[in-house]
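Here is a friendly walk through a two-chain model, written for someone who likes to see the numbers beside the picture. Have the viewer open as you read.

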Amino acid sequence: MRLSRRPWFFLSMTIICLLLLAPTPAKYRWVNESMAALSFFWFVLLAAEELLAQRGSGPASPRGGQS
Amino acid sequence: MTVTIAFIVLVALAFDFFNGFHDAANSIATVVSTRVLTPQLAVVWAAFWNFVAFLIFGTAVAETISKVVKPGVLTNAGIFAALIGAIAWDIITWVLGLPTSSSHALVGGLAGAAVAIGGWKTLITGEYQKIFVFIVLSPIVGILLAFTLMTAVFWVFHKYRKVDKLNRGFRRGQLFSAAAFSLGHGGNDAQKTMGVILALLVANNVVPANSDVPIWVVLSAHLAIALGTLFGGWRIVHTMGSKITKLQPVGGLCAETAAATAIWGVTLAGIPVSTTHTITGGIVGVGTTQRLSAVRWGVAGRVVWAWVLTIPGAFVMAWLVSLPFRGSL
């Protein structure tokens, strides 16, 4: 089972938001936190959707598509 | 002295005009590319909302901009060099067709002039830290809000079969989202020029150090940015509206609403962000709802390079312009 690039794109945004927490002034950290939470939510949702779709379609063909 | 101040105020307003000219694309690219408005009507629409933004937003961003350099460092020649540096950078990126940020060009220009005068210690690092963080955060906010909004719209309307009627609704909705974005653009970007003019007036003892921004400064800054928008920058409209991803009215509506929400929030909080960064993020977010390959990452990558280079580029320009004035600084 493999995830496409899209869930990873959202996970990378989560990581960037969290890495920026330290340099962000305390007053504005809620922006990083809320955006990290939102992007992580999309990562989980998109990853779950892809994994469930792969499981539903049975064993994948060698090229990853449906036979 | 008065003539010098008036001349630098005019240069600042010219920068503001060019900011509107350069960033007009951001306000209207999506409404033009989705054919909701003709290019001529779109610029009038955006310019109007750019101008009336002064009725809604305060001057928090102007105050932040006037504080990026320690008080008393920038004299008339320094502020002049900062403005010329920022304008020069804007012109270079405009010629290359890159949607860079006039705001960050101004911040880079102010830093370049201040460092030329008094070295690195003249910069207020806390303010620059805030600006640097939001250089990265603002497109991310645009991407996430646009993706979320677009997905929500899909969920709500996916069973609705009257596609024509739906499209008409989204096209009308784009008029409001473009207006909201133009208001945010006018509010955030015009205030940066106000901040520079305020710093100039304080440096020349025309107004006291803790003074509010005079109303004539507020009105003239909004008028300049609105006129700049009216004249528009068509090269960048093309990059923003069609090269990053292909947009439908619903996509344009979501991208602009997401960007407008983000810009309104930061403007009220007094953070100078790039409207260009935010709308680019919004457009990428909408493209991502289809698939990542719907976004032309090559163009988006060029945009990112322009962002990375803006502050250093304007810094160097302003530093170079400062050199002939060094004796008088």
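Predicted model: local features only at pLDDT ≥ 70, side-chain atom pairs only at ≥ 80, totals over all residues.

**Chain A by itself**

Chain A has 2 helices and 0 strands. Of its 67 residues, 34% are buried. If we take the contacts in chain A between residues at least 6 apart in sequence, 68% of them join residues at least 24 apart.

**A look at A:Ala36**

Is A:Ala36 buried or exposed? Its relative accessible area is 5%, and under 20% counts as buried, so A:Ala36 is buried. Beyond its neighbours within four places in sequence, A:Ala36 is in contact with A:Thr14, A:Cys17 and A:Leu18.

**Where the chains meet**

Now bring in chain B. The table collects the values for the interface.

| Item | Value |
|---|---|
| Residues in contact, chain A and chain B | 20 of chain A with 23 of chain B |
| Area buried between chain A and chain B | about 1,900 Å² |
| Part of that area given by carbon and sulfur atoms | 84% |
| Salt bridges between chain A and chain B | 0 |
| Residue pairs in polar contact, chain A and chain B (both at pLDDT 80 or more) | 5 |

Which residues of chain A lose the most area to chain B? They are A:Arg6, A:Tyr28 and A:Trp42, and together they account for 29% of what that side buries. Two helices of chain A, α1 (5-19) and α2 (29-56), each supply at least two residues of the side that touches chain B. The most comes from α2(A), with 8 residues. By residue type, the side of chain A that touches chain B divides into 15 nonpolar, 3 polar and 2 charged.

**A helix of chain B**

Helix α4 of chain B covers residues 76-95. At 1.5 Å a residue, its 20 residues should span 28 Å, and the end C-alpha atoms are 29 Å apart, which agrees. How many of the residues of α4(B) are buried? The count is 14 of the 20, so α4(B) is largely enclosed by the rest of the structure.

Key:
Residues numbered from 1 in each chain as written. Chains lettered and ligands numbered in written order. Heavy atoms only, no water. Contact = heavy atoms within 4.5 Å. Buried area = accessible area lost by both parts, 1.4 Å probe. Salt bridge = Lys/Arg side-chain N within 4 Å of Asp/Glu carboxyl O. Polar contact = N/O pair within 3.5 Å; in protein donor to acceptor, adjacent residues only side chain to side chain. Helix = DSSP H or I, 4+ residues; strand = E, 2+ residues; numbered from the N terminus. Nonpolar A, V, L, I, M, F, W, Y, C, P; charged D, E, K, R; others polar. Expected span 1.5 Å × (residues − 1). Buried < 20%, exposed > 50% of the residue type's maximum accessible area, 1.4 Å probe, protein only.
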